[in-house]
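User: I'm new to this one, so let's take a look together.

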Amino acid sequence: VWDGSRSVSKSITVQKCIKDNVAGAFSALSSGSNSLPIKSVSGYTFRSVVGARVLSVHAFGLAIDINPEENCFLVNGKCVVGSFWKPCPGNGCSEFSIPRGSPIVNSFKSKGFGWGGDWNSKKDYMHFSCASNEQGTCSK
């Protein structure tokens, strides 16, 4: 991954059954124009869904979040996690925000991940998931 000035290695904890999908998605992003500046990535985290009493897909190691501050989780038009989503190009855009149709979205989708930016009711622009209830297909 690229942090804006240099390549860095990052370890992400996920279920063993999706490790090749995660590695493949990131591998496709590590070269040239496909690179995305990444500040932070998280995978396994034992926690509930924001605002609910059910476990998050992260608690099962089947999802990752990328640049959560710049790729917020929107509920009813308000960021409940993170503070904004302003993908480039555009006025005041952030190179850390993940736009629709971007190489990172396409790379993760090609490996069977659903993207929270495609959800209908809520939008979770940081979130990539293998869970079938989150449009993923890589956890089978």
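**A first walk through the model**

User: Is glutamate 70 buried or exposed?
Analyst: Glutamate 70 has a relative accessible area of 5%. Buried means under 20% relative accessible area, exposed over 50%, and partly exposed in between, with a 1.4 Å probe and protein chains only. So glutamate 70 counts as buried.

By the way, this is a predicted model: local features need pLDDT of at least 70 and side-chain atom pairs count only at pLDDT 80 or more, while totals for chains, interfaces and linings use all residues. Residues are numbered from 1 along each chain as its sequence is written, and side-chain values use heavy atoms, with hydrogens and water left out.

User: Where is glutamate 70 placed?
Analyst: Strands (E, at least two residues) and helices (H or I, at least four) are DSSP runs, numbered from the N terminus. Glutamate 70 belongs to the loop between strand E2 (63–66) and strand E3 (71–75).

User: Which residues is glutamate 70 in contact with?
Analyst: Contact means heavy atoms within 4.5 Å. With neighbours within four places in sequence set aside, the partners of glutamate 70 are Lys39, Phe84, Trp85, Lys86, Ser94, Phe96 and Ser97.

User: How many bridges pair E3 with strand E4?
Analyst: Two strands pair if DSSP finds at least two bridges between them. E3 and E4 (residues 78–85) run in the antiparallel sense, and their bridges number four.
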